[in-house]
Amino acid sequence: MDSTPAAKAAPGASSSSSAAAVAAAAAEDLAGGVAAMTLDERFDLLRGIGEECIQEDELRRLLEKKPVPICYDGFEPSGRMHIAQGIVKTINVNKMIRAECKVKIWIADWFAQLNNKMGGDLKKIQTVGRYMIEIWKAAGMNLDGVEFLWSSEEINNRAHEYWPIVMDIARKNNVKRITRCCQIMGRSEQDDLTAAQIFYPCMQCADIFFLKADICQLGMDQRKVNMLAREYCDDIKRKNKPIILSHHMLPGFKEGQEKMSKSDPSSAIFMEDDEAQVNVKIKQAFCPPKIVEGNPCLEYIKYIVFPWFGRFEVIRKESNGGNKTFTSMDELISDYETGALHPADVKPALAKAINEILQPVRDHFNNNNEAKVLLNTVKKYRVTN
C-alpha cells in the first residue's frame with residue numbers, strides 16, 4: 001500500500017497497453033491540479049456532481065467563507081465493486097479535490113457488520129475495504145486530497161466524542177422516523193429489521209457531525225439520513241447545516257432495474273471484469289431504439305464516458321453513417337431519438353470506452369501481488385445480505 005494517509009491499511013492489516021495509457025491520461029486530467037478557480041467555477045463544479053443539492057445558496061455561502069470545505073462520503077465494504085462505486089466515485093472525488101475541498105471517505109466497517117454484510121465477519125469486511133482502496137488507487141483517484149478513515153478505529157479512538165452524538169440523535173427521534181431511513185442500508189420499512197439496523201441510521205447521522213463534514217456527497221439512496229442530519233440541526237439550534245449533494249444512481253442493465261445489484265453480476269460492470277465480460281454484458285443490456293428515458297446504456301455514456309473522456313466515439317461503416325465523435329450528451333440524444341444513432345452503434349462504442357477506463361485497474365490487479373491476493377480473496381467471499 002501507499003505510504004500516504006490515504007492508503008492507510010485496515011486495522012490489523014500490514015500496512016501497458018495503449019488503452020490503459022489513454023484511460024490513465026484521462027484520469028490525470030480529472031484529478032490534475034488547476035489554476036486557482038473562481039467562486040463560480042468551484043460552485044459549478046461541485047453542483048454538477050449532484051442530481052440534487054440542498055441547498056444551493058448554502059453551498060455558495062460555504063465556498064465564500066471556508067477556503068477548504070470538508071466533504072464526506074462513506075461506504076460499506078460489502079463485496080466486489082461495481083463501476084458506479086469505482087469510476088463514478090473517482091470522478092466525483094476528483095471534482096471535489098479540484099474545487100479545493102478536503103474529502104473524508106468513511107470506510108464503514110462497523111456499519112457493514114451491523115448490516116450483516118459478509119455474515120458480520122469484521123475481518124472479511126476489512127479485507128474488502130482494502131480491496132476497494134486498491135481499486136481507487138488504480139482507477140486514478142486523486143488521493144492527495146483524500147483521507148480514508150476506518151469507522152471501527154476512529155470511533156474507538158474518540159468514543160467520548162462519538163457516542164454522545166449518537167445517543168442524542170436517538171433520543172430526539174422516534175422509531176418510525178429512524179425506520180424511514182432504512183433505505184440507506186438497502187432495506188425497506190417493511191423488512192424485519194434487527195435492533196442493530198434500527199441503530200444504524202442514528203450512527204450514520206452522527207458520522208456527519210463527528211467528521212465535521214460541511215458537505216455530504218452520497219447517492220440519492222442516502223438522502224433520507226442526510227435530511228435527518230439537517231433536521232437534527234434544527235433540534236439542537238445549529239445554524240450551519242450539512243449541505244447535501246446527492247449524486248445520480250446508475251441503473252442496472254436489465255429493463256426496469258433501477259439500481260445495480262451485486263447479487264446479480266449481469267446487472268452491472270464490476271471493476272475487475274475482463275474485456276470479454278464487459279462486451280457480453282453491454283451486448284445483452286437493455287437499449288431500446290430511439291428511447292432515451294430508462295436506457296441504461298445512455299446513462300453509462302452520460303455519467304461515465306463523457307465525464308471521463310469529454311467525448312463519445314462511434315466507429316461504424318460509411319453505409320451506416322460513418323464514424324462520428326459526439327462532444328455533448330445533447331448531440332448524442334438528438335441523433336439517438338431520430339434513429340441516426342442505433343443501439344448497434346452505441347453498444348460496441350460503449351464497451352470500447354468502458355474497457356479503456358478499466359484497463360489500468362486490470363493491469364494493477366494482474367501485476368501487483370498484494371492487489372492480486374486481495375481480489376482473489378474477495379472473489380471467494382459470499383455476498384451476504
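Rings of Phe, Tyr and Trp, the last by its six-membered ring, pair if their centres lie within 6.5 Å. In this predicted model, such ring pairs link Trp-106, Tyr-162, Trp-163, Phe-199 and Phe-210 into a cluster.

## Overall picture

The chain has 385 residues, and 56% of them count as buried. Its accessible surface comes to about 16,900 Å². Carbon and sulfur atoms hold 49% of that surface. There are 16 helices and eight strands.

## Parallel strands

Start with strand E2, residues 70-75. E2 runs parallel to E3, and six bridges join the two. Ile-70 has Lys-102 as its bridge partner in E3. Together, E2, H4 and E3 form a β-α-β unit that is right-handed.

E3 is mostly covered, with five of its six residues buried. Five bridges pair E3 with strand E4, residues 146-150, again in the parallel sense. Here Val-103 finds its bridge partner in Val-146 of E4.

E2 also pairs with strand E5. Two bridges join them, and the strands run parallel. The partner of Cys-71 in E5 is Ile-215. E5 covers residues 215-219 and is mostly covered: five of its five residues are buried.

From E5 the pairing goes on to strand E6, residues 243-247, with five bridges and a parallel course.

| Strands | Bridges | Sense |
|---|---|---|
| E2 and E3 | six bridges | parallel |
| E3 and E4 | five bridges | parallel |
| E2 and E5 | two bridges | parallel |
| E5 and E6 | five bridges | parallel |

## Rings and charges

The aromatic pairs come to 10 in count. How far apart are the ring centres of Trp-163 and Phe-199? They are 6.3 Å apart, with the planes at 10°, so the pair is stacked. The cut-off for stacked is planes under 30 degrees apart. Trp-163 belongs to helix H8 (residues 159-171) and Phe-199 to helix H10 (residues 195-210), so this pair ties together parts that are 36 residues apart in sequence. Trp-163 is partly exposed at 27% relative accessibility. Phe-199 is partly exposed as well, at 33%.

Phe-209 and Tyr-232 form an edge-to-face pair. Their centres are 5.4 Å apart, and the angle between the planes is 65°. Phe-209 lies in H10 and Tyr-232 in H11, so the parts tied together are 23 residues apart in sequence. Both residues, Phe-209 and Tyr-232, are buried.

Two arginines sit over rings. Arg-60 lies over the face of Phe-43, 4.3 Å from the ring centre. Arg-80 has its charged end over the ring of Phe-270, at 4.6 Å from the centre.

Next comes the loop between helix H4 (83-98) and strand E3 (102-107), which holds Cys-101. Is Cys-101 buried or exposed? At 6% relative accessibility, Cys-101 counts as buried, because the cut-off for buried is under 20%. The C-alpha atoms of Cys-101 and Pro-69 are 5.0 Å apart, while 32 residues separate them in sequence.

Glu-100 lies in this loop between H4 and E3 too. With a relative accessible area of 32%, Glu-100 is partly exposed.

Most residues other than glycine have a negative phi, and most peptide bonds are trans. Glu-100 has a positive phi of about 70°, although it is not a glycine. Lys-212, also a residue other than glycine, has a positive phi near 55°. Lys-212 is in the loop between H10 and E5.

Which residues does a cis peptide bond join? The bond links Ile-54 and Gln-55, with omega about 0°. Gln-55 is in the loop between strand E1 (52-54) and helix H3 (56-65).

How values were computed. Residues numbered from 1 in each chain as written. Predicted model: local features only at pLDDT ≥ 70, side-chain atom pairs only at ≥ 80, totals over all residues. Heavy atoms only, no water. Buried < 20%, exposed > 50% of the residue type's maximum accessible area, 1.4 Å probe, protein only. Helix = DSSP H or I, 4+ residues; strand = E, 2+ residues; numbered from the N terminus. Pairing = 2+ DSSP bridges. Phe/Tyr/Trp six-rings, centres within 6.5 Å; stacked < 30°, edge-to-face > 60°. Lys NZ or Arg CZ within 6 Å of the ring centre and 35° of its normal. Areas by Shrake-Rupley, 256 points an atom, 1.4 Å probe, with all protein chains shown as cover. Right-handed = clockwise from strand over helix to strand, strands pointing away.
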